Amino acid sequence: MIYHTSHSEIKEVHNKGLFGDVLFFSNNVYEMAEAKFVYSVDNDELSFIEPCQIDDEATTQEVMAYAKVDEDTAFDLLAGDVDAYDICDDCEDAADLSWKIQYFQAQAAKRMGFDGCKSRDEQGAVYMIPMFGRENLLNEVK
């Protein structure tokens, strides 16, 4: 099982916001400030791709436009070979781009026929899963 914590109950996943319909999961229940809800998903039933396996031209083009970088840099950002902090002068911009790259990785995984993308962040392993229309996969733990 992998876990997602939330400040509010998830009844429906939408496509709005910084991460669109992408929810982030980890191997352990992590504590967020005032997280009242914990959800699990059976990751054994899902298929994941790692960032280094992403090969999706449409997503690469989206990263190029969003980050204002060339194609090679966009591909390297998606693959995790280049970090946002390597190309951004401002730490806040780098943090925003890092999060947005995770969104793009999840969308690329979906386009490539996977359920999500498995990567690493400051919490350890992170599973980024587009969940729009797939709320039935969520099991409330807390």
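**Close-up views of a predicted model**

**View 1. The start and surroundings of helix α2.** At the start of α2, a side-chain oxygen of Asp70 comes to within 3.2 Å of the backbone nitrogen of Asp72. A polar contact is a pair of N or O atoms within 3.5 Å; within protein, one must be able to donate a hydrogen and the other to accept it, and residues adjacent in sequence count only if both atoms are side-chain atoms. The model is predicted: local features need pLDDT of at least 70, side-chain atom pairs count only at pLDDT 80 or more, and totals for chains, interfaces and linings use all residues. Residues are numbered from 1 along each chain as its sequence is written, and side-chain values use heavy atoms, with hydrogens and water left out. Helices (H or I, at least four residues) and strands (E, at least two) are DSSP runs, numbered from the N terminus. Within α2, Thr73, Ala74, Leu77, Leu78 and Ala79 are buried (under 20% relative accessible area; exposed is over 50% and partly exposed in between, with a 1.4 Å probe and protein chains only). The cover over the buried residues of α2 includes α1 (57-67), α3 and α4. Gly80, with a positive phi near 85°, follows α2.

**View 2. His4 in strand β1.** His4 belongs to β1, residues 2-6, and counts as buried because its relative accessibility is 9%. A polar atom of the His4 side chain lies 2.7 Å from the backbone oxygen of Phe24. Leaving aside neighbours within four places in sequence, His4 is in contact (heavy atoms within 4.5 Å) with residues including Ile10, Leu23, Phe24, Tyr30 and Tyr39.

View 3. Five aromatic pairs are found in the whole structure. Rings of Phe, Tyr and Trp (its six-membered ring) pair if their centres lie within 6.5 Å; planes under 30 degrees apart count as stacked, over 60 as edge-to-face and the rest as tilted. Phe19 and Phe24 form an edge-to-face pair, 4.8 Å centre to centre with 75° between the planes. Phe19 is partly exposed because its relative accessibility is 24%, whereas Phe24, at 14%, counts as buried. Ring pairs also link Tyr66, Tyr103 and Phe104 into a cluster. The charged end of Lys100 sits over the ring of Tyr103, 4.6 Å from its centre, and Lys100 also lies over the face of Phe104, 5.7 Å from the ring centre. A charge sits over a ring if NZ of Lys or CZ of Arg is within 6 Å of the ring centre and within 35 degrees of the ring normal.

View 4. Met131 is in the loop between β6 and β7 (139-140), and it is buried, with a relative accessible area of 0%. Not counting residues up to four places away in sequence, Met131 touches Val13, Asp21, Leu23, Phe25, Leu137 and Leu138. The C-alpha atoms of Met131 and Asp115 are separated by 8.9 Å, the two residues being 16 residues apart along the chain. Lys11 is in the loop between β1 and β2 and is exposed, with a relative accessible area of 66%. The C-alpha atoms of Lys11 and Gly113, 102 residues apart along the chain, are separated by 25 Å.
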